[in-house]
Amino acid sequence: MCGRYQFTEPENARLRRVIRALKDKGEDWQPGDIFPSGKAPVLVAAEGRVYARVMKWGMPGVQRLIFNARAETAIKRPMFRSSFFSRRCVAPSTGFYEWDGAKRQYLFRMGKSDAVYLAGLYDRYDGEDCFVILTTQPNASVDEIHDRMPLVLEEKDVRGWLTEEETAKRLLEGRPPFLQRAVTDGQLSFL
């Protein structure tokens, strides 16, 4: 389950463009670790154009903030159904964190300079756009650490997720790409 991710000063040119676009719009956001209830950049599409916006991570629930949604049931759940069909988003990042049973923290990345794109859904609550990150069954790079992982999209699938309903349905059922993981002490593990 994705409970924290990072968007640091990226080496990736596409992520640098996201930061520049947000600054040009005067969006109030700084790179770093992203926590539930915090603000973060997301990619959305309108009229065939993909652009960056800042939104709050998490939707208000009955008793707690909801910041993740299961990919397997998102289309069926009333809270997320409408968002799946009309308000899909992508949270660009430089990696996400998971913790194992011994509370060791791991950072999962595509590669040193590659972006990690997290599939999400958004909606409007009390005048504010809020998003959730979709989670799915873990692939081999995550399953030893945690029983869920974000629905990670490859860069080539970002536009399809945002603009094509059939592609988005297919991606909900797909397996995320293989990732590199590093224990927070900096040792990199290739699985």
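This is a predicted model: local features need pLDDT of at least 70, side-chain atom pairs count only at pLDDT 80 or more; totals for chains, interfaces and linings use all residues.
Residues are numbered from 1 along each chain as its sequence is written, and side-chain values rest on heavy atoms, with hydrogens and water left out.

The chain contains four helices and 16 strands; helices (H or I, at least four residues) and strands (E, at least two) are DSSP runs numbered from the N terminus. The C-alpha trace spans about 40 × 40 × 35 Å along its principal axes. For 191 residues, a compact globule would have a radius of gyration near 16 Å, and the value of 16 Å for the chain agrees with this. The radius is taken over C-alpha atoms, and the globule rule is 2.2 Å times the number of residues to the power 0.38. Buried residues account for 49% of the 191 residues in the chain, where buried denotes under 20% relative accessible area, exposed over 50%, and partly exposed the range in between (1.4 Å probe, protein chains only). Of the contacts (heavy atoms within 4.5 Å) with a separation of 6 or more, 65% join residues 24 or more positions apart.

Helix 1 comprises the 13 residues 13-25 and reaches 19 Å from its first C-alpha to its last, close to the 18 Å expected at 1.5 Å a residue; the expected span is 1.5 Å times one less than the number of residues. The buried residues of this helix are L15, V18, I19 and L22. Viewed down the axis of helix 1, these buried residues fall within an arc of 95°, so they line one face of the helix. The arc is that of the directions from the helix axis to the C-beta atoms. The cover over the buried residues of helix 1 includes strand 1 (5-7), strand 3 (39-46), strand 4 (49-57) and strand 8 (88-93). Just after helix 1, G26 adopts a positive phi of about 75°.

In helix 4 (residues 165-173), the buried residues are T167, A168, L171 and L172. These cover an arc of only 145° around the axis, which puts them on the same side of helix 4. The face turned away from that buried side carries the exposed residues E166 and E173. Among the elements covering the buried residues of helix 4 are helix 2 (78-86), strand 8, strand 12 (128-136), strand 14 (152-153) and helix 3 (158-163).

In soluble globular proteins, nonpolar side chains tend to be buried together. A nonpolar core is defined here as a set of buried Ala, Val, Leu, Ile, Met, Phe, Trp, Tyr and Cys residues joined through side-chain atoms within 4.5 Å. The largest such core has 56 residues, of which Y5, F96, F131, L134 and W161 touch the most other members. Strand 11 (residues 116-125) supplies the largest share of this core, six residues.

A search of the whole structure for disulfides finds zero, a disulfide being a pair of cysteine sulfur atoms within 2.5 Å. C89 is in no disulfide, and the nearest cysteine sulfur, that of C130, is 11 Å away. C130 is likewise in no disulfide, the nearest cysteine sulfur being that of C89. C89 counts as buried at 0% relative accessibility, and C130 counts as buried at 2%.

Most residues other than glycine have a negative phi. S37, although not a glycine, has a positive phi of about 80°. This residue is found in the loop between strand 2 (32-34) and strand 3, and S37 is partly exposed, with a relative accessible area of 45%. D126 is also not a glycine and has a positive phi of about 50°. The position of D126 is in the loop between strand 11 and strand 12, where D126 counts as exposed at 84% relative accessibility.

M110 lies in the loop between strand 10 (105-109) and strand 11 and is partly exposed, with a relative accessible area of 23%. Residues up to four places away in sequence aside, M110 touches A115, V116, V152, P177, F178, L179 and Q180. V183, found in strand 15 (residues 180-183), is partly exposed, with a relative accessible area of 23%. With residues up to four places away in sequence not counted, V183 touches Q105 and Y106. The C-alpha atoms of V183 and E128, 55 residues apart along the chain, are separated by 35 Å.
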